[in-house]
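Okay, thanks for coming, everyone. Let me put the chain up on the screen and then talk you through it.

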Amino acid sequence: AIALIQLGKSLTPTPVPKDEGNLVTSGLYNYVRHPIYGLLILGFGLIALTSQNFLSMGLWAILVLWFNLKARFEEQLLSLKYPQYMEYAKSRGKFFPKINIRHK
C-alpha cells in the first residue's frame with residue numbers, strides 16, 4: 001500500500017508510464033525499483049512454499065518469470081521517458097534491496 005501511495009499520479013496498471021507522471025525515486029523506490037512486484041513475488045512464494053504443492057510452486061515460478069519480463073519492458077519505457085532512469089537503476093535492486101558486501 002505504501003508503494004502504491006508513493007507512486008501517486010504516476011500509478012498505472014500497465015507498464016506504460018503516464019504522460020503526466022513523474023519518475024519516483026524516493027520512499028521505498030529509493031531502495032528497490034519495483035517494490036510492488038517484489039512484495040507479490042515474496043508473498044506468493046511464501047504461500048507456495050507453505051502449501052508444499054508442486055502446482056503452487058510452478059505457478060509461483062511463472063509469476064516470477066512474468067514479473068521479470070514485465071519489469072524489463074517497463075524499464076525500457078521508463079528509460080525512454082526519463083533519461084536519468086538507467087543511472088537510478090544501476091544502484092537499486094530490481095525487486096529486493098541490493099546488499100553490498102565489502103571485503104577488507
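So, what share of the contacts in the chain with a separation of 6 or more comes from residues 24 or more positions apart? It comes to 64%, where contact means heavy atoms within 4.5 Å.

Quick housekeeping before the details. This is a predicted model, so local features need pLDDT of at least 70 and side-chain atom pairs count only at pLDDT 80 or more, while totals for chains, interfaces and linings use all residues. Residues are numbered from 1 along each chain as its sequence is written, and side-chain values use heavy atoms, with hydrogens and water left out.

Now the overall picture. We have four helices and zero strands, and reading along the sequence gives α-α-α-α. Those are DSSP runs numbered from the N terminus: helices are H or I with at least four residues, strands are E with at least two. The C-alpha trace spans about 45 × 45 × 25 Å along its principal axes. There are 104 residues in the chain, and 30% of them count as buried; the cut-offs are under 20% relative accessible area for buried, over 50% for exposed, and partly exposed in between, with a 1.4 Å probe and protein chains only. The accessible surface is about 7500 Å², and 67% of that belongs to carbon and sulfur atoms. Areas here are Shrake-Rupley with a 1.4 Å probe, and for residues only the protein chains shown count as cover.

On to the inside. As background, nonpolar side chains tend to be buried together in soluble globular proteins. When I say nonpolar core, I mean a set of buried Ala, Val, Leu, Ile, Met, Phe, Trp, Tyr and Cys residues joined through side-chain atoms within 4.5 Å. The largest one here has 10 residues, including Leu7, Leu23, Tyr29, Leu78 and Tyr82. Helix H1 (2-7) and helix H4 (85-90) are the elements that give two or more residues to this core, and H4 gives the most, with three. A second, separate core has five residues, among them Tyr37, Ile41, Phe67 and Ala71.

Tyr82, from the largest core, is in contact with Lys18, Gly21, Asn22 and Leu23, leaving aside neighbours within four places in sequence. Lys81 is partly exposed, at 30% relative accessible area.

How many salt bridges does a search of the whole structure find? Two, counting a side-chain nitrogen of Lys or Arg within 4 Å of a carboxyl oxygen of Asp or Glu. One joins the side chains of Arg33 and Glu75, 2.5 Å from N to O. Arg33 lies in the loop between H1 and H2 and Glu75 in helix H3 (residues 54-81), so this pair ties together parts that are 42 residues apart in sequence. Both Arg33 and Glu75 are buried. The other is Glu87 with Lys90, the closest N and O atoms being 3.7 Å apart. Glu87 and Lys90 sit about one helical turn apart, because they are three residues apart in helix H4. Both Glu87 and Lys90 are exposed.

His34 is in the loop between H1 and helix H2 (35-51). Is His34 buried or exposed? His34 counts as buried, because its relative accessibility is 5%. Not counting residues up to four places away in sequence, His34 touches Ala71, Glu74, Glu75, Tyr85, Lys94 and Phe95.

Last stop, Ser91, in the segment after H4. The Ser91 side chain reaches the backbone oxygen of Tyr88 at 3.2 Å, and makes a polar contact with the side chain of Arg92 at 2.3 Å. Ser91 and Tyr31 are 60 residues apart along the chain, with their C-alpha atoms separated by 8.6 Å. Ser91 is partly exposed, at 42%.

How values were computed:
Polar contact = N/O pair within 3.5 Å; in protein donor to acceptor, adjacent residues only side chain to side chain.
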